[in-house]
Structure formats: structure tokens, C-alpha cells
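Student: I have a structure to go through with you. Can we take it in short steps?

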Amino acid sequence: MGEDDLRQMIGRVKNGSLSRRGFMRRMAAVGLTAPMATQLLAIAGAGSAQAQGSVPAYRPTRRGGGGQLKVLYWQASTLLNPHFAVGTTNQDASRVFYEPLAGWAADGTLHPVLAAEIPSIENGGLSADGRSVTWKLKRGVKWHDGQDFSADDVIFNWEYSRNPAVAAVTSGSYRDVNAVKVDDHTVRVEFAQPTPFWADAFVAATGQLIPKHLFQAFNGANSRDAPTNLRPVGTGAYRFVSFLPGDTLRAELNPNYHMNNRPFFDTLEVKGGGDAVSAARAVLQTGDFDYAWNLQVEDELLKRLEAANRGRVNIVESGGIEFVQLNCTDPNREIDGERSHISTQHPAFSDPAVRQAMALLIDRNALEQFIYGRGGPATANFLNNPPRFTSRNMRWEFNIARANEILDAAGWVRGRDGIRAKNNVRLRFIYQTSVNAPRQRTQAVYKQAAQRAGIDLELKSVTASVFFSSDVANPDTFTKFYADMQMYTTTMPQADPQRFMNQYVSWELSTRANSWQGRNIVRWRNDEYDAAFRAAESEIDPVKRAALFIRMNDLIVGSNHIIPLVKRPTVSGSVNNLRHVLSGWDGTFWALQDWWRET
Amino acid sequence: MTPAGEAWRRFRKHKLAVGSAVVLGLMILAVLFGPLFWTVPIDEIDFTARLQGPSLAHPFGTDDLGQDLLARVLYGGRISLAVGFAAMGVAVTVGVLVGAIAGMSKGPVDVALMWVTDLFLSLPQLPLLLLIIYLFRDALADLVGQELGVFIMIVAVIGLFNWMQVARLVRAQFFSLREKEFVEAARALGASRVRIVVQHILPNALGPVIVAASIDVAGAILAESTLSFLGLGFPPDTPTWGRLLFDAKDNLDFAPHWAIFPGLAIFLTVLTINFVGDGLRDALDPRRVQ
């Protein structure tokens, strides 16, 4: 069944010529279960990655006249070449000047910037076999120095990024694809295999395009010497004025910008440095700045600052999730000098009853209400966003009595000290996380509930710089997972779950053999999951692909080796009259041209 | 009048020291026996009573999980004080040993020991502490359990970084005492070296050591607080005074009571111990005439 058939069918359900039951029956015939079929109906329309009305209306009727826009980044940027941008701050700072073909809107759909339109099967941009995508470029776009933007520039970015001598950090997006110039305003990207997630090269942060005429002399080992690495010439709404690495970036209105009536502000200042709390104060309390990035501050404090009524906190949905892992392997047995070895089994967590009880013992409601606030809505799913990939099949519950019943039924008997045991295995677990106030609170809440079910949690907190390091010699890193349980946040780099859901495939196991670089840290293995992931990798039909990812979410969450706690949306602050366009799937400045101020 | 009586008479004249001794004694009593009377559990989470200021139900208020701060301060005091006194014990033992050996031996042994002392004095303490804790915490925790392992580790580490002052004091005392007539007399009578040290020199050198020891207690309590404040040291659910401060720091704006009480406890303990040490110095100084 092709995508068109499926869409037609969904359309018929919508206009009433096909009953829901009839739809379910047909879906069952092609091997999709009822809940999934229901889901298909729900997500239909958002099934393909295209934007319609996902960006709010822009109201100013002329270019300029908006005065100054002051933005605060408590981590300052150090360089302005997007192909060398390690970390969000540098990517964002480059984005002030450089633009990609398209960016990701808040709802996880694509929005054209330098592209004339978003490729789709209907407009002939996407090939039916998923092996190529053709981008039509916007005409009449000029670089800040007056030169024309053309397909040659796009092709140059592909050559530049994949050139090993350049050593670009964006090379992962370009290495395995082929880019071909069709004509001066058309570029085709070709893939070796059918690729359902085609919007990586030339899109969003890694897709920012630099001008060929200024960089072609530096397409090699001298790439770091290019003067334009610090004095960018792009196509963006603002052009370069001055830059102090690690401090301030200044820009001014680009009078030849390719979108009508944009930009609104005459000048732009991006100030770096300080810390999250003082940044929040500078925007919300004193109004010295218009926008502050990434406010990792307790919600209690943000609410108190907001009470000054100068600014507001922006919560933007993204894929980040705070979750607990229950180790599949035994952290206390050493095999060939390696703990948590994949040939071992965790003595207690190998019993599904224990895992189920553990999942019942964390009060997510309390976490959301009293610890994370608006920055952490409770969730039962590992894969929460974009909405078309959200499972409706998972539920969470906090129930100590039921946990006790389950453990009693499974034969875990309380000892004299109140801790349950069975066959000399005691329910006493080391629970590690990084040093971070909300995480230590969560540990305390979990520990108390577990105690009432006869489970003793021994809490351990490791300094973040150690816990999240990739230091092979350190036993406390989260990738080694030398503990029974651990908790942290994992983020979703793209609006597509493929790179996110590979965290549970069997070929990504984190072991000594791969220096603990494997993404499957909980060391969970499941054939059905592997098969679903393989299928999703080459499934072109977006609806079926979404169904596969939902199934993967249900498998891993249903195993209870993963206990999702709260979603972690991105949090920023802005003054009341600033009208901005933000997205959890792209950089802060992905739609900077659309920012304006209401007066 | 006995020497002890004489010392007590002098100590009593130091008003601040006497007052401090009373306050310190009260705090030690409260920490030791307080939990018997204030029986609220230290980890009872009550979200309906979060971040409350001092009240009858919670005299020190509550933290952001609604846990009773009085109970936590009392419990934390036990650990902080135990660490303080135990680390002092380690420091004084090592210091007296090194100082005595250096002070009794002439030549290369003395020089070598003083080199070692100078070396330890010049080591940056905090970075080294962090390093040692990372290297050995797990090994020790496997041996004796998490909490005891951390206790032994912190006591040992703090103790082993604070013996140098004591060693120098003891050595200096030994240098002057070993030439005194009564020591010469003992030696002439054929007393062994050990007997001369233990029976004759050491008791006379003890005054400054007691003073240095009192200051060491304060230093150790501060060091433990520093470690806990950095998120190292004891497990995160063990409410030592330093850990309580660490947890409270983000909420200083609107829940100052959370930081004030443990902070006050550290402040008072260190201050009173220093005053008591001051008083002891006056009381035990044989050359002081009054």
C-alpha cells in the first residue's frame, strides 16, 4: 500500500465515505494493529515534513525602523563559521548572518529560507524511491557584498564540508551524500540508499551556507585561516559590524534582504557571558536585554522574576527527556576487566516484576509540580516529539501499594531490615546521576517511595563534567554505567527520531570494545526493536514510518528498563513586547528575520 | 595548686573562651541527644510544607521537599562534628609523631622530615583532595560501604593535610626542651630515649599542641563543608552542614532560612572552637605570669 492510497483512505474517513471500522480492517490487513491505525488517523495531515502556517504572521509593513535588538547569551560565541561551530552558541551566532535552504519550525516541519519551496513528492522534489531530493533555490538572493547567490555556492558548501583537510564539524551531514548542480537555481542531493530522512544536508544548523567566492581559496588545510571565519558575509537579514570572540557580536540591517519588509530592527547586539540566573534577571526583572537564551534556572525563581511583569518565559517543545535507566547487565561483576559486561544479567532487574515496581514508584506528578515546574511536564513516553511520533499507548502511574503487591506476588520477601530479597539477591540499588539540584531532589523523592516498597536506593551524584565526559579512564561516566540505575537528560538533535531512537538498537551497545561510545547505554537488546528500526531506516511512507517509531517507543518503555520522567523543553526569556519565532528543533535565530517589536 | 587547677583558673579569666565553651558544649549536647527529643525523620518528604519559614511544627523551617531542617541540621551536626574531631585526632597523631622524631634526632633525619613537612605545606589542598577522592572513593566504598568509606576517606584526607603545623610546633618545643636541665638529669640517670620523650618532654610540649588541635577541628569542619558544598563527599541524601548549604544556595532569594541555620551552625562551631583554643593557649602557656 503506497502513501497515496493511505492518504486517500484517510481522506475518505475524514469526509465520511469510509467508516473508521472499515479503515481499521484495511489497516489490519496490511499488518498494522488497531491502536496504530487510530494513530494514523490522528497524525494524518502532519504525516509529511512540510510546513503550512507553522510560523506566526509577520506584521511590520516596512523594512527597518525598529531600533536596537539586544540578545543575551550566557555562553559567548567564539567563531562565526557554521562549518566549524561546535556547540549551540557558535551555531546560533553564525545563523545571524548565514542561512540554510530550510529550517525546522516549532511543530517539527520544514520551513523554506533560501529554498523556493520545500521538496515533496507532489512538486517533484522528492523521488518516489527516496534516493534523491531536488531543491529549487530562491531567485534574486544576494550575499552581503552584492554578489549573487546560486547553486554553485550550495555545491561548494558540500565540497567544503566533506573535504577531510578542512576538518569541518558538519561533515557528518555531507560525507555520505552526493550533491549535483542541475542548473543555476536547482540542486539535487543523491543518496546511496532510500533515505526517508532527507532533510539533513543544507538544512538547519549544519546547513548554513557560506559564499563560494570568499571561501574557495580556503578549501583545504588553510581553512582555519580564512579572514571570513571571523568577518562573515552571508545572506541573512543582518550584516556584520563587529565581533569580539567570547564577548560581543554586533550586526546591522541588511538593506538588500531577500524577504519583503524584513528585518524590523536597525541594529542587533548579541552579548555573551555571565550565568543563567543573571541572564534571567537582565531580561525578566530589569529589562536591560530583549531576549535571553537557555534559562536553566529553577522554575520557582523564574516565576518570581516574571512577577516583575517586564518579561515572560518562553517554553518551546523539543525532544529532550529526563529519564531513568535500569541496567540490563550486572555492574558488580567484572568480566575481562569490564563491569556491566553485556554477557551478564542484572540479578534483580532481569525480573520484569522488579522493573514494573520501579516504574510504579516514581511520582512524576510531584516532579512536575514541585521540582521541574513548566520546564518539565510529566510524560510516559521516551519519544515525545514531534507530535506525529507521540505514542498514545503508554500510561504512567504512581502507586506504592501496587508495587508492593507485584513484588509480593513475584516472591520478593521483606527481610528483617525491611529490604526485600529473593535467592540471596537484595533489592538494594546504586542510583547515580550528575550533580544538579533538581536531580538530587528527584533522587530523594524516588528513594523515599522505594523505601516504602522495601527497596533501598543508595544515592550517588557525580560532578557533571565527569559524569558526561567521554573519559575512558573514569569509572563514573554515564556511558560506562557502573551502577544499577542512572538518570539524565538525552536530547533530540533533529526533528526526526531516527538518530534519537538508535539508543536501543543492539549494534549500538556501549562496551569497552567501542570505548563506551555506543549509544545503547542501558544495554538493552530486543529483536523486534532492531527489526522495526531497520525497517524505519528505509521506510519512505511517512505514516508507516511514524508507526514504526511509535512501536519502538512502546517496546522500550514497555520493557520498563527505561522509565521516562519529564520532558525537557527549551526555556528562554524575552521582554513582553518582543515578537519572536522560536523552535525547539532549530537554533534560536532560525527565523531572526521575522522578529519584531510591538509598540 | 596543681598545674591543672592553675590552668583552669587562667582559662576562667578568658571570658570569651568560657562563653564559647558553654555554647560549644550545648551544641555538642544538642547534636548528640537532640534527635532523641526531636524525632521528626530527616527524610520525610511533604510537598504541602515546602520552603516554609520557621514555625512551631518546623522550628528551622523546611526545604523545597518539605523536609524538616531542624532534624537535618541535628543529624548533619553529628557528621560534621565527628569528622572534625576524628580528623583532628589523625592530624595530631601524625604531627606529634613527625615532630617528636624530628625534634629528637639531629642531622639528616630531621632535615628530611622537615623537607617532607614543607612539601606538604606547599601542596594545593583542595585540588589534591578532589583527586584523591576520585581515585580511592570507590575502592574504599567497596571495602567498608559507601557512608563509612566516605567518612574514613574524608577524615584521613583532611587529617593528613593538617598535621604540618603540629609537627613544626612539636619539633620546636622538643628543640628547646631537650636541652633543659631536667632532661639532662633524666638522661644522666640512664633513662632510655623513649622514656625521656614520653615521660619528660612530651607533657611539657602538649600546651601548644592542644591549641593547634582545637584550630584543626575547625579547619576540618570547614573542609568537610567545602567538599559537600562542591557536591563531593558524602552521598547526596546525607544532610551534612555543607550539603545543606549547597542545596540551599539556589533558593537564597526566597528561602534564606534554609541556608541561615546550617550556616549559623558552622559559623558558631568554628568560632567557639577558635575562642576555646585561644583560652587554652593562655591557660597552658607556662611562661605567662598573671
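Student: In β20(A), which residue is the bridge partner of Asn314(A)?
Tutor: This is a predicted model, in which local features need pLDDT of at least 70, side-chain atom pairs count only at pLDDT 80 or more, and totals for chains, interfaces and linings use all residues. Residues are numbered from 1 along each chain as its sequence is written, while chains are lettered from A and ligands numbered from 1 in the order in which they are written. Strands are DSSP runs of E with at least two residues, helices are runs of H or I with at least four, and both are numbered from the N terminus. In β20(A), the partner of Asn314(A) is Ser572(A).

Student: How many bridges join β11(A) to β20(A)?
Tutor: Strands of a sheet pair through backbone hydrogen bonds, either parallel or antiparallel. Two strands pair if DSSP finds at least two bridges between them. β11(A) and β20(A), residues 570-575, run antiparallel, and the number of bridges joining them is six.

Student: Which are the edge strands of the open sheet of seven strands?
Tutor: The pairing in this sheet of chain A is mixed, and the order is β7-β8-β9-β1-β10-β20-β11. An edge strand here pairs on one side only. The two are β7 (238-243) and β11 (311-316) of chain A.

Student: Where in chain A is the pLDDT below 50?
Tutor: pLDDT is the predictor's confidence in each residue, from 0 to 100. Chain A has a mean of 88, and 92% of its residues reach 70 or more. One stretch is below 50, although it has 25 contacts in the model beyond near neighbours in sequence: residues 42-52 of chain A. Where pLDDT is low, the predicted coordinates should not be read in detail.

That stretch, again, is residues 42-52.

Student: Which element of chain B has the lowest mean pLDDT?
Tutor: Chain B has 11 helices and zero strands. Its mean pLDDT is 85, with 98% of residues at 70 or more. Helix α2 (residues 15-37) of chain B has the highest mean among the elements, 91. The lowest, 78, belongs to helix α5 (residues 125-144) of chain B.

Student: Are α2(B) and α11(B) parallel or oblique to each other?
Tutor: Axes are lines fitted to C-alpha atoms, for helices over the stretch in contact, and angles run from 0 to 180 degrees between N-to-C directions. The axes of α2(B) and α11(B), residues 256-284, come within 8 Å and cross at roughly 135°. Angles under 35 degrees count as roughly parallel, over 145 as roughly antiparallel, 65 to 115 as roughly perpendicular and the rest as oblique. α2(B) and α11(B) are therefore oblique.

Student: At what angle do the axes of α3(B) and α11(B) cross?
Tutor: Leu69(B), Val73(B), Gly76(B) and Gly77(B) in α3(B) meet Trp258(B), Phe261(B), Pro262(B) and Ala265(B) in α11(B). α3(B) and α11(B) are therefore roughly parallel. The axes of α3(B), residues 69-104, and α11(B) come within 11 Å, and the crossing angle is roughly 25°.

Student: How many charged residues are on the side of chain B that touches chain A?
Tutor: Contact means C-beta atoms, placed from the backbone, within 7 Å. By that rule, 16 residues of chain B are in contact with 20 residues of chain A. Ala, Val, Leu, Ile, Met, Phe, Trp, Tyr, Cys and Pro count as nonpolar, Asp, Glu, Lys and Arg as charged, and the others, Gly among them, as polar. On the chain B side, six are nonpolar, two are polar, and the charged count is eight.

Student: What ipTM does the model score?
Tutor: Two scores are given for the model. The pTM is 0.77. The ipTM is 0.73.

Technical notes:
Two residues are in contact if their C-beta atoms, placed from the backbone, lie within 7 Å.
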